[in-house]
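Subject: Structure handover and findings

Hello,

Here is the structure for your files. My notes follow below it.

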Amino acid sequence: MFKNLCLLFLSFISLTSFAQKAADKEEWQSLFNGKDLTGWDIKIAGHKVNDNHKNTFIVEDNMIRVNYKEYDKFTTEYGHMYYNKPFSHYKIRLQYRFTGNQVPGGASWNVRNSGIMLHSQSAASLGLDQDFPISLEMQYLGGLNAGERTTGNLCTPGTIVEINGKVDQAHCINSTSKTYNGDQWVTAEAIVLGDSIVYHMIEGDTVLTFTNPKIGGGYVGKDHTFKDGKVGSEDDWIRKDNTPLGSGYIALQAESHPIDFRNIQLLNLKGCMNPKATNYKSYYKYPDNSTCTFNK
C-alpha cells in the first residue's frame, strides 16, 4: 500500500511539474511564412488596398523586402503592409536592415528611415491618399556615418502618449539607443500592453517607454489635422479624440529607402488565465477566459 501511495504521489508531482512547464513555455507565432505575403494586406498612398504598386513589397530569401527597383522616382507612394489580425497585448520581435540607396525623389529625412506601426488602423480603413495610418510607429533609423542617430524611436501619426507621466506633444520622440551604421541586421522588440504601457527594445536593451496612448494630438502634430493628412473618415476620428488606443494592427513601413525584415514573431499576452484550463499560460498579462478549454 505504501509503495502504491508513493508511486501515486510521484505521478502527481510529475504531472503537476509537466503542467507548470507547459504553462510557462512561450508560444511564439511567426507572422511571416518566409515564402509569400499570405496574411498581409498592402496599402500604398494613391492606390487601392492590395495594389502592390511597382512590387514595393516582395519576398526573397526568407525576407520581406521593401524594394524600389521598378521606381524611377518616389513622390507620395508611402506604403505599409498590415498583418490581417489585430492584437492588444503582445510582444513582437523581428530583425531589420537598411540596404543600398534611397530611391530618387525621397525626402532627405527618409534616408535610412522606416519602422513598424503598432495599434494601427486597418489597411481597409485608410483614405486613398493617406500617407500614414493612425498608429504608434516604432521608428527605425539607420546611421549615416555622421554623428548619433537613434533607432527604436516613437512617432505618433494621429496619436499622443505620455512620457514620464506627462503628455508629450512631439510627433517623434527619440530613444536612448546606440547608432547602427551600415547594412547590419538589428534586432528590435516591443512589448505592448493595451492602452497602458509600451516598451521599445533594441538588441535586448529597453530604449524607450511610454504610457497611456490615445487618439488625438493632431495628425503629425497638433497644428496638422486629419484633413491635412487625407485621413479617411476624418469626422469619425475627430469624435474619437482623446480616447484610449488599446489595440490594432501591426504594419511594416515603406518610406523610400530599401529595408529588409525577417524573423517576424509575436507572443500573444492575452488569453486564458484560469490555471485549471488546459490552455492556461503563466505569462499572459490580460485575461480572455472565453478562450479557456478544460479536460472532460
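Strand E10 (residues 159-163) and strand E11 (residues 166-168) run antiparallel and are joined by 3 bridges. Strands here are DSSP runs (E, at least two residues), helices likewise (H or I, at least four), numbered from the N terminus. Two strands count as paired if DSSP finds at least two bridges between them.

First, the ground rules. This is a predicted model, in which local features need pLDDT of at least 70 and side-chain atom pairs count only at pLDDT 80 or more, while totals for chains, interfaces and linings use all residues. Residues are numbered from 1 along each chain as its sequence is written, and side-chain values use heavy atoms, with hydrogens and water left out.

E10 and E11 have 2 residues between them. In that turn, Asn-164 has a positive phi of about 55°. Within the pairing, Glu-162 stands opposite Val-167 in E11.

E10 also pairs with strand E15 (residues 205-215), antiparallel, over 3 bridges. Here Glu-162 stands opposite Thr-211. Thr-159 has Ile-215 as its bridge partner.

Is E10 buried or exposed? 5 of its 5 residues are buried, so E10 is largely enclosed by the rest of the structure. Buried means under 20% relative accessible area, exposed over 50%, and partly exposed in between (1.4 Å probe, protein chains only). In a regular strand, side chains alternate between the two faces of the sheet. Both faces of E10 are covered. Thr-159, Val-161 and Ile-163 are buried on one side, Ile-160 and Glu-162 on the other.

E15 has another partner, strand E14 (residues 197-202). They run antiparallel, with 6 bridges. Ile-202 is bridged to Asp-205 in E15. The hairpin of E14 and E15 has 2 residues between the strands, and Glu-203 takes a positive phi near 50° there.

**The open sheet**

An open sheet of 7 strands has antiparallel pairing and the order E2-E5-E16-E7-E8-E9-E12. Strand E2 (40-44) and strand E12 (172-173) stand at the edges with a single partner strand each, so one side of each is left without a neighbour in the sheet. Inside the order, E7 and strand E16 (residues 249-254) pair over 3 bridges, antiparallel. Ile-116 stands opposite Leu-252 in E16.

**Cores**

Nonpolar side chains tend to be buried together in soluble globular proteins. A nonpolar core here is a set of buried Ala, Val, Leu, Ile, Met, Phe, Trp, Tyr and Cys residues joined through side-chain atoms within 4.5 Å. The largest one has 55 residues. Those with the most contacts inside it are Ile-92, Tyr-96, Ile-116, Leu-118, Tyr-140, Phe-261 and Ile-264. Strand E6 (residues 89-98) gives the largest share of this core, 5 residues. A second, separate core has 7 residues, including Ile-191, Leu-193, Leu-269 and Tyr-283.

Which residues does Tyr-140 contact, leaving aside neighbours within four places in sequence? Among them are Leu-94, Tyr-96, Phe-98, Ile-116, Ala-188 and Phe-261. Contact means heavy atoms within 4.5 Å.

**Loops to look at**

Gly-106 lies in the loop between E6 and strand E7 (113-120). It counts as buried because its relative accessibility is 19%. Not counting residues up to four places away in sequence, Gly-106 touches Phe-74 and Ser-256.

Two loop residues other than glycine have positive phi. Asn-55 has phi near 50° and is in the loop between E2 and strand E3 (57-60). Asn-55 counts as partly exposed because its relative accessibility is 35%. Asn-242 has phi near 70° and is in the loop between helix H2 (234-239) and E16.

**Whole chain**

- Secondary structure comes to 2 helices and 19 strands.
- The C-alpha trace spans about 85 × 45 × 40 Å along its principal axes.
- Of the 296 residues, 48% count as buried.
- Among contacts with a separation of 6 or more, 67% join residues 24 or more positions apart.

Best regards
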